[in-house]
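Here are my notes on the model you sent. Please read them with the structure open.

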Amino acid sequence: MKKFAVLSAVALTALATPAFAAPGDSDSADGAATAQIVSPITLTHVAGAVLDFGTFTTGDTGGTIVVTRGGAGTASGEVALLQGSLEAADQFTVSGDAGRRFSITTGGGSVSNGAATPTTMAFTTDARANHTLDTAGAASFSVGGTLTVLGGEPAGTYTGSYAVTVAYN
């Protein structure tokens, strides 16, 4: 009976021992991670620059004035640019991460004469859609536009603004 008790104890011990996984049933490795921080993109309006539609007469039925990104102005319809009128494109600079591409978005706007009951004229803008920062992380671009003149607007100086946004692509 002692032999039976010893054999039973040995059998129970064998059953209670944990099983170890055979080689190849599992494995582990370390993963890799990375992060990259780039310089923030910064847009600056060039001091003294302005989208200038020039000096003109309106006529009764109006027309448009187009200023190219290069600053050249032309009039259509009954709108006539006066001799000596100085049209100009607006100017911006951008700084950020060298060699990185960015998008340019410009909105339309309006100019108003600032009178008690103001008269306004709407305009659309024209800028390149994308640009790339140079090896120093700098770029510049200009903005032209088209002013719609309805005709018969009162004489005076008209001012306004529009939005410009740059973002990394």
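**Notes on strands, salt bridges, pocket and core**

1. Gly63 stands opposite Gly77 in S4. S3 (63–67) and S4 (73–77) pair in the antiparallel sense over five bridges. Strands here are DSSP runs (E, at least two residues), numbered from the N terminus, and two of them pair if DSSP finds at least two bridges between them. The hairpin of S3 and S4 has five residues between the strands, and Gly71 takes a positive phi near 95° there.

2. A word on the basis. This is a predicted model, in which local features need pLDDT of at least 70 and side-chain atom pairs count only at pLDDT 80 or more, while totals for chains, interfaces and linings use all residues. Residues are numbered from 1 along each chain as its sequence is written, and side-chain values use heavy atoms, with hydrogens and water left out.

3. How many salt bridges does the structure hold? There are two salt bridges (a side-chain nitrogen of Lys or Arg within 4 Å of a carboxyl oxygen of Asp or Glu). One joins Arg69 to Asp126, with the closest N and O atoms 3.2 Å apart. Arg69 sits in the loop between S3 and S4, and Asp126 in strand S9 (residues 120–126), so the pair ties together parts that are 57 residues apart in sequence. Arg69 is partly exposed at 36% relative accessibility. Asp126 is partly exposed too, at 34%. The cut-offs: buried is under 20% relative accessible area, exposed is over 50%, and partly exposed is in between (1.4 Å probe, protein chains only).

4. The other salt bridge links Arg100 with Asp97; the closest N and O atoms are 3.0 Å apart. Arg100 counts as partly exposed at 26% relative accessibility. Asp97 counts as buried at 18%.

5. Asp97 has another residue to check. The C-alpha atoms of Thr135 and Asp97 are separated by 8.6 Å, though the two residues are 38 apart along the chain. Thr135 lies in the loop between S10 and S11. At 79% relative accessibility, Thr135 is exposed.

6. Look next at S7 (residues 101–106). S7 pairs with S10 (residues 130–132) in the antiparallel sense over three bridges. Arg101 has Thr132 of S10 as its bridge partner. S7 also pairs with S13 (residues 164–168), antiparallel, over five bridges.

7. Which residues are closest to the centre of the largest pocket? The pocket holds about 640 Å³ of space. Of its 30 lining residues, Asp52, Phe53, Gly54, Val111 and Tyr158 are closest to the centre. A pocket, on a 1 Å grid over the protein atoms alone, is an open set of points where a 1.4 Å probe fits, with protein on both sides within 12 Å along at least five of seven lines; lining residues have an atom within 4 Å of a point. S12 (159–161) gives the most to the lining, with three residues. The lining divides into 16 nonpolar, 11 polar and three charged residues, with Gly counted as polar.

Methods
Helices (H or I, at least four residues) and strands (E, at least two) are DSSP runs, numbered from the N terminus. Grid points are joined across faces, edges and corners, and a volume is the space filled by probe spheres set on the points.
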